[in-house]
Amino acid sequence: MISSIMNNKMMTSGDKKTVMVVEDEPLNMRLTVDLLEMNGFNVLSCIDGSSAVETLKQAVPDLILLDINLPKMNGFEVRKKIREDSRLDKVKVIALSASVMREDEERVRAAGFDDFIPKPIDTKGLIKKIKDHLS
Amino acid sequence: MSGNGLKIEYSELVENANSIILRMDMKGNVTYFNRHAREFFGYKLEEILGKNVVGTIVAPTDTSGRDLKAMIDDMALHPSSYVNNENENMLRGGARVWIAWTNKTILDEDGRAKEILCIGNNITRLKQAEEEILKAKEAAESANKAKSSFLANMSHELRTPLNAIIGFSELMKEDGVGRLNEKQEEYIDYIHESGKHLLSLINDILDLSKVESGKMVLELGKFDLKALLEKSLVFVKEKAAKHGIALSTDIEEGIGAVKADERKVKQVVFNLLSNSMKFTPDGGKIGINARKAGDKEISVCVWDTGIGIDEKDRSKVFSEFEQIDSEYSRKYAGTGLGMPLSKKFVELHGGKMWFESEGKGKGARFCFTLPLNVG
């Protein structure tokens, strides 16, 4: 298992960082994926919480953009699964959510996310934040 | 007047008083029932004397299920707990009424409780009104909850498509997408601006509803007001330059740290500046003044040489969704909620907001005060 992860990492060319996007809304997924690719990231995309958890068994991205309101398994549950897997200790996890009330943000921060980004996203701001977290 | 004469006079008084007056023994059997009581409850004297109150004027349980028989039993044991007592009673036909009673224990020669003297007033209408008010209050609270959750859902649902509208229109202008012609670029800007405008509307509506439902909590902290005011000007600098508008500040020496909600104060100052920008024709002037007002307050004013406020428009300034029509009102410059929201933010801090204008064409001056020690 470990070696396949290493391979996966090595296949990603040079110092390109890998960002996983977990998002169920197709247009929002397309937007984030295109934005990341335009800015030179490798992208792994998952359309719900449980497929994200499955994918994370095979691959270790550098950062995860995780929607909160997701079918099957919500963002909080995915965050918990990530925490239970020591291979993912160093992966940054950012919540990307359209629930932007103060209580929503507080819940996200309390759940141990590295950051909270409200939707609609500011495309330049999002890239800057991702770079800050990865530097 | 002889003692007997007095006695007769008092019994006439009791008999004819417009209150329910009755006596009962310690078992609850009626020993006296005045005229008003008979008329009110619908009994003749011979029909009620000697009868127990439970089953006649007191139903065994009231409409809410309270055990009134137990209450009458308890009254004999603990009369002092029932000196002033409100309870449901029953008319002869079965209709329920509410009576406010004063109950006085009458002692025999040995000092033992013999009877209870009860004087009652019909408070049925009062009780009904009270119940209606309670129901209305509950209905209002649940409507308010429904409104909050509706707004939260609306906000969430609108943000999802807005994410695509704002996001893709930003991506269209990225180099990787290819060059747009002039018209395409202009149209994309309109889509982007409109999306942003819609977003500000949603945010302002959420803020306003939070303030109105009393849920807006100030996040108080110390910050440098002078620095905040100077930084705010930077936001409008570019636009001011484009329109040949001169910006200036006049901030009194010694205005520094204040304790307030920085984000909200910033929003207020930004709203005032945007407002001045909107109504100041090219080549005008906009400025910020700040000074101490006494030992306890700071006053901040944003002034401009703009179109001013006509007498007839004065009442519209702090109203929701009101924007003063004007040839200078630049498109998409505001949501119509900025001013009322700013005023509410200031008031949450315990400050005041007002404006001064000598009329149309004479500029305007919007001021607010902030207490130096909030919270």
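**Exercise 1. Burial and fold content of chain B**

Task: State what share of the residues in chain B is buried, and how many helices and strands chain B has.

Solution: In this predicted model, chain B holds 375 residues, and 25% of them are buried. A residue is put in that class if 20 or more other C-beta atoms lie within 10 Å of its own. For the secondary structure, the count in chain B is nine helices and twelve strands. As to contacts in chain B with a separation of 6 or more, 58% join residues 24 or more positions apart.

**Exercise 2. A strand of chain A and its partners**

Task: Determine how many residues of strand 4 of chain A are buried, and which sense its pairings with strand 3 and strand 5 take.

Solution: Start with burial. Strand 4 of chain A covers residues 92–97, and five of its six residues are buried, so the strand is largely enclosed by the rest of the structure.

Next, take strand 3 of chain A. Strand 3 and strand 4 of chain A pair in the parallel sense over five bridges, with Ile64(A) opposite Val93(A).

Then take strand 5 of chain A. Strand 4 and strand 5 of chain A also run parallel, joined by four bridges, and Leu96(A) stands opposite Ile117(A). Here the chain passes through helix 5 (residues 102–110) of chain A, and this β-α-β crossover is right-handed.

**Exercise 3. Backbone exceptions in chain A**

Task: Locate Pro120(A) and Lys72(A), and describe the backbone geometry of each.

Solution: The background is that most residues other than glycine have a negative phi, and most peptide bonds are trans. The peptide bond from Lys119(A) to Pro120(A) is cis, with omega near 0 degrees. Pro120(A) lies in the loop between strand 5 (115–118) and helix 6 (123–134) of chain A.

Lys72(A) is not a glycine, yet its phi is positive, at about 70 degrees. Lys72(A) belongs to the loop between strand 3 (63–67) and helix 4 (75–84) of chain A. Because Lys72(A) has 14 C-beta neighbours inside 10 Å, it counts as partly exposed.

**Exercise 4. Two helices of chain B**

Task: Describe how helix 8 and helix 9 of chain B cross, and the classes of residue at their contact.

Solution: The axes of helix 8 (residues 262–279) and helix 9 (residues 338–348) of chain B come within 9 Å and cross at roughly 145 degrees. The crossing is left-handed. Helix 8 of chain B contributes residues including Val268(B), Asn271(B) and Leu272(B), while Met339(B), Phe345(B) and Val346(B) are among those from helix 9 of chain B. By class, this contact has five nonpolar, six polar and one charged residues.

**Exercise 5. Where the chains touch**

Task: Find how many residues each chain gives to the contact between chain A and chain B, and which helix supplies the largest share on the side of chain B.

Solution: The contact takes 15 residues from chain A and 16 residues from chain B. On the side of chain B, helix 5 (residues 124–171) supplies the largest share, 13 residues. That side of chain B has seven nonpolar, six polar and three charged residues.

Conventions: Residues are numbered from 1 along each chain as its sequence is written. Chains are lettered from A and ligands numbered from 1 in the order in which they are written. This is a predicted model: local features need pLDDT of at least 70, side-chain atom pairs count only at pLDDT 80 or more; totals for chains, interfaces and linings use all residues. Axes are lines fitted to C-alpha atoms, for helices over the stretch in contact, and angles run from 0 to 180 degrees between N-to-C directions. A crossing is left-handed if the near helix is turned anticlockwise from the far one by less than a right angle, and right-handed if clockwise. Two residues are in contact if their C-beta atoms, placed from the backbone, lie within 7 Å. Ala, Val, Leu, Ile, Met, Phe, Trp, Tyr, Cys and Pro count as nonpolar, Asp, Glu, Lys and Arg as charged, and the others, Gly among them, as polar. A residue is buried if 20 or more other C-beta atoms lie within 10 Å of its own, exposed if 12 or fewer, and partly exposed in between; C-beta atoms are placed from the backbone. Two strands pair if DSSP finds at least two bridges between them. A crossover is right-handed if, with the strands pointing away from the viewer, the path from the first strand over the helix to the second runs clockwise.
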